Each structure stands twice: as structure tokens, then as C-alpha cells.
Amino acid sequence: MNKKVIFGTMLFGTSMCLFLLYMFGQTEMNGSASDQQEVDYVIGVSQPNLHEPWQVLMNEELKNEVAKHENIRVIYTDAAQSTEQQIRDIQTLKEYGIDLLIVSIDNSSDLTPIISDMYKEIPVIVLGRGVTGYNYTLYIGSDYYFIGETAAKAAMNLLGNKGGSIVEIQGITNALQAEERSKGFQETLHKNPAYKISDVLVANWQRDDAEDQLKLLLQHRDNPPDLIYAHNDAMALGAYRAIQSLGLKDIIIIGSDGVNKHNGGLQLVQEKKINTTFITPTGGKEAIQYAIEILGKKEVIPKKIILRNHEIDETNIKNYLTEKEMTASSHEGVRDHSLTLGFAQVGNESEFRAANTQSIVEAAKEAGVELLLKNADNDQEKQIEIIRDFIKQKVDVIAFSPKVEHGWEEVLREAKEAGIPVILSDREINVKDSSLWTSFIGSDFVEEGRRAARWLVNEEASESVHIIELEGTRNSAPAEGRKQGFEEILAENPNFKILKSYQGDFTHALGKKMMKNALEQYGKDIDVVYAHNDDMAIGAIEAIEEFGLKPGSEIRIISIDATKKAFRALSTGKLNFSVECNPLLGPQIMKSAKDLVLGKEIPMKIITAERTFTQEEAGKEIKKRNY
């Protein structure tokens, strides 16, 4: 490895707020230009501001983790809430020759293309606040739609069945996290007409802006709102001050971020200035940890790490703070130890599933985990009984790939009561109580569907395109997500029309049978087949050939999984495009299981990194594909 020679302290242009190159995590400007240190990597950190308490906390967590690693140096920048300045900061970091960029943003629309350009040259970790698309190495942050949805449920609970009037204070225009948070909040509330959002303000994440705008709004209203939802705690504090200055009472305030500092959300709840906040981890520590793994060329790097949020109000804040202190102290000196993992596999319906099972078995062996693996043969009732058997055996952790999204509450409640944490593998579930499971490890199925549709839209220029969809198992997460994502993109392109969707259940046999039915009904009117997995796509190819048409030319075929079977079809021109769904989840499952046994909080979701493949790319990759 080539070492880089770094001066002990370096300060860049004051207008850019380019800060220090930290020596062993220290901020003091000691030493001179003659002081030099050899390091392996230089990391650039671009912050949109260091004014918000949440952004300040993020920077502190970054620095604390950097201090543990003597082989890296970090250049920190602060754009002082200027999008133009942040763009200049990133360009300057690039010119300096950093090895990796960690970036947190406010303005998603303007920063996305800049980050995409950086990603072409070096690894990029997007931290805390997201960008559109997939042009980055790793995203670490929260599920902001989920936060908004949970805030809406908290609002309904606080207001009661009588409902009420609500003011929403958003962060900033063009911020993806603000859009997602608002979408989750509003869509959840709109399901019940008793709860009405009367006004929406945009206060740029700032306390003073929120205070001024809300004060002006309330001065011109005959009736005050019943509840205010602010997208961060700083704006929630601004709302509190506006209410106090006008002498108003009994208005509920919900914030978000949950920073444990002066005027942070936890203090505001303790002082009863706001009613509820949501712990929104910054991901600073995790960003440095993953940066080192990325730079060290570790093979298994996720695409997204979705951190867990916690709803905090006056009923649980004392317990939360106490448990946090106890958990932190309990980690000191704790050593790794053996564990028993019970894994309830959904079935063996495809090559993807076979590779998934093999990955779990091999990873358990390598990690020294005692694995109890049982196959449910695509039967939900059998899978539930397997989980119950694991509970009786008192395994340390349970993991399973659920056949469908619904019907798991009872058995997972039994696992929770037994004190056994549950990991979801490959497929998600739909339960009212999200505390019944600890983490989902798998793919972003909606994005897989979007990527399939984007390729089709970009490749097909015809005025009218007729599509046959071969769906996976009904009510399963991958089938639901892949359908949703595909249709999202088609909705923007009305010349693309799905003639009919057939249930193929992810199997070769049903995929072929359903394609025969489609050909009998629509024949040569079919332009494209979109199959939710490779096995159904291969079945469709066989049916098309038997019908006397040429798959890949007369009828284009798109599939998801990118198994070796798909690569063979791509290389022979019978399949046109395949979106990867990574089955090699074993290492992440074992790592998460070990962390759970040690009492650590693991991410709510770990989304695997995945690629897409055309016919041209298949020849280069087929020899690398082991499944």
C-alpha cells in the first residue's frame, strides 16, 4: 500500500470553511509545515452546515471514531447552509486528492449530479440525508418515510379519536429527507379525515425561521392548531417559543432528531417543551467504520444502512437514557462468544434460494455460529411451526425469509416474549408493531423494479410497447416491491402498457405455463416480458421458442436475480437485461446475530449492493458468477 505524506496541520481557504486535517482526531493546530505523518488514506467530509445540533453531533461522532484510527486523516468542510459553497467544497476536496468522500446534504436536487460525478472516480458515502438514484457507494441514514409515518401515528394517538388541526413545519425545499418525511406523515394522516393538516411551513431546519413563520401564521388565525409537527427539534423549539410569545396553551408539539444536548430533543421532552421526538441517529461512527472497510477493499459492503429510530416522550425518556448508559457500559470488556442461530428458510424454489441457503451455511461455519437450518418448502404454516420449535429450543437468535408479508404477529410476539431477537432475511413483513423484528437484511425490491423499467424506457423508443408481467409469489415482499417500482417508472411513460400480469410464483414451471397462456391470448402483440425472477424468465423463453418466436429479439425479456442461468441466456441473446438480487446474505446475518447477542443495536435495514447486466456485460461476468 502506498503511504501518503501529510503535514501535521493544514488549513484551507477561510471562505470555504475548509477545516483542519486532524492529527489522531485532535483539532488543535499544533506543529508546523515540517511536521509530517505517513497515512494510508485521506478522507474528505462535506457538511451542509455545522449549525444544526444534529449536524454538530454527526461531526462529533465522526471525529470520535477517526481518533481510533491512526492510519487515516480527515478534511472537514462546512458549507454554512450554502448549496453553492458545498459544491465548491466538494470540488476542492477532489482537487486535493482524497481517497473517499463522506457527504451529508440539504439540497438533494442540486447535489445529486455532483455526487454522481465524484462516484465515478472515488468511493462516496452519503450520510444522514440522501440523494436520488443509486450513484454512490453506500448510504447510511434513516428511513424518513417511516419517521413521518410514525410521527403521524404519534399525532393521532396524542390527539385522540376526536382528531384535530395540524401545522406541519418542513425542513427545506428540494431536500429528499424532507419530502419523504412529509410524504409519510401526510399519507398516513389522510387515511382518517378527522386529522387535517391546515398549514405547511418551510423553515429551512432553523429555529428562528420556524418561530417567526409560525408566529406570523398564528397571529392571523382565529383558531390555533391542536398539534404542530416539526421535521427537526430546532424547529420544534422555535414553534414552542412562538406559542409561548403569543400566550397560547395546550398545543401539542412533535419534533425529530432526539439529540441529547442543550436544546436537543431529549432535553426538550424532559422540560415538557415538546411532547415527542424521534431519535434519528447520525451514522457518523458507522461512516468511518465502513469507509475503512471500503478503502480496505472488503468484499461485502452493503448499499444502504438504515439506522433504527426510537420514539421518545415523557413516558419512556428516563428508561431510554438509563438503558443507553447501561448498554454502553455493558459493552466494555465484552468478548465475542458462541451462539445458536435458528434459520427458517422459505423453500428451494429457485437458483437464488439455493445460493442464499449455501451462503448462510458457509457463513455460519466461518463465523463459528451453531446453525439450525430448516426448510419450510414454501409453506407459511410450516415456517411458523419451525420458528415455534426454535423458540422451544431457546436459540439465541432467529432468522427467516418469510414466504409472504402478513400473518406473523402471533409467532413473533412469542419470540419477543421469550427474549429472542428476530432477523428478517431477503423478504420483509407487514406487522403493526415493528419491535417484533430487529433488522431486515436483503434487497431494495422497489428499486429493482425501477431499474428494470428504467432500462426498458431508455432502450425502447416505440410509440406503443406492450408488456407481459410474470409476478412472483402473491403478497410476498419481492413480488410487491418489484411490481411497485416497475409501475412507478411506467406511470411516467404512458406509451408503455402492461397487457396482463400473471402469477408465476417465482418458479420455472409456472413461469413457462403462464407465458404459454399469455401467448395464446396476445401472441405477436407482446413486445416485452418482465419476469420477477430468472427462473420464470427462463420458463418464458422456452414458451416463446415453442410458440415459434425469438426471445431477445422479437420479444424482449427482462428478469431479476442475475443468476448464472440468466447470464447464459444473456450471452446467447435470449435474455436482454437482468437486475441483480444478491443472495449472499450469510456474512451480514452472522455479523448481525453476533452483535445482537452482545447487546448492540443493529441497523433497522441492511440493503445489499446490486448491479444490472446487459447482453454485452454478461460475457465478462459469467465466469465470476458462482451461483
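Reader: Why are α2 and α3 called roughly parallel to each other?

Author: In this predicted model, helix α2 (residues 83-96) and helix α3 (residues 108-119) pack at an angle of about 5 degrees. Angles under 35 degrees count as roughly parallel, and α2 and α3 are therefore given that name. Their axes lie 10 Å apart.

Reader: How do you know that α2 and α3 meet, and which residues are involved?

Author: Contact means heavy atoms within 4.5 Å. On the α2 side the residues are Thr83, Gln86, Ile87, Ile90, Gln91 and Lys94. On the α3 side they are Asp110, Leu111, Ile114 and Met118. By class, this contact has 5 nonpolar, 3 polar and 2 charged residues.

Reader: Which residues make the contact between α17 and α18?

Author: Asp534, Asp535, Ile538 and Ile541 in α17 meet Lys565, Ala566 and Ala569 in α18. The contact has 4 nonpolar, no polar and 3 charged residues.

Reader: What is the handedness of the crossing of α14 and α15?

Author: The crossing of α14 and α15 is right-handed. The axes of helix α14 (residues 445-459) and α15 come within 6 Å and cross at roughly 40 degrees. From α14, the contact residues include Phe445, Val446, Arg450 and Leu456. From α15, they include Pro478, Arg482, Phe486 and Ile489. The residues of this contact divide into 11 nonpolar, 4 polar and 5 charged.

Reader: How do you know that a space in the structure is a cavity, and how many cavities are there?

Author: A cavity is a set of points where a 1.4 Å probe fits but cannot get out. The structure holds 3 cavities of 30 Å³ or more. The largest cavity has a volume of about 90 Å³.

Reader: What lines the largest cavity?

Author: The lining consists of 13 residues, of which Phe352, Arg353, Arg427, Arg482 and Phe506 lie nearest the centre of the cavity. Helices α11 (351-367) and α15 (477-491) each supply at least two residues of this lining. Arg482 also belongs to the contact of α15 with α14.

Reader: What about the second largest cavity: which residues line it?

Author: About 50 Å³ of space lies in the second largest cavity. Among the residues that line it are Glu52, Pro53, Trp54, Asn232, Asp257 and Asn263. Two or more residues of the lining come from each of α1 (53-66) and α7 (233-245). The classes are 4 nonpolar, 4 polar and 3 charged.

Reader: What makes the phi of Asn263 worth a remark?

Author: Most residues other than glycine have a negative phi. Phi of Asn263 is near 60 degrees, a positive value in a residue other than glycine. Asn263 lies in the loop between β12 (252-254) and α8 (265-270). Ala80 is also a residue other than glycine with a positive phi, near 50 degrees. The place of Ala80 is in the loop between β5 (72-78) and α2.

Reader: Why is the second largest pocket called a pocket and not a cavity?

Author: A pocket is an open set of points, whereas a probe in a cavity cannot get out. The pocket here counts as open and is therefore not called a cavity. Its volume is about 1600 Å³.

Reader: Which residues line the second largest pocket?

Author: Of the 45 residues that line this pocket, the closest to its centre are Glu299, Val300, Ile301, Asn582 and Ala609. Helices α9 (284-295), α11 and α19 (586-597) each supply at least two residues. The largest share, 7 residues, comes from α11. By class, the lining of the pocket has 20 nonpolar, 8 polar and 17 charged residues.

Methods:
Residues numbered from 1 in each chain as written. Predicted model: local features only at pLDDT ≥ 70, side-chain atom pairs only at ≥ 80, totals over all residues. Heavy atoms only, no water. 1 Å grid on protein atoms, 1.4 Å probe; cavity = no way out; pocket = protein on both sides within 12 Å on 5 of 7 lines; lining within 4 Å. Points joined across faces, edges and corners; volume = space filled by probe spheres on them. Helix = DSSP H or I, 4+ residues; strand = E, 2+ residues; numbered from the N terminus. Nonpolar A, V, L, I, M, F, W, Y, C, P; charged D, E, K, R; others polar. Axes fitted to C-alpha atoms, helices over the stretch in contact; angles between N-to-C directions. Parallel < 35°, antiparallel > 145°, perpendicular 65-115°, else oblique. Left-handed = near helix turned anticlockwise from the far one by under 90°.
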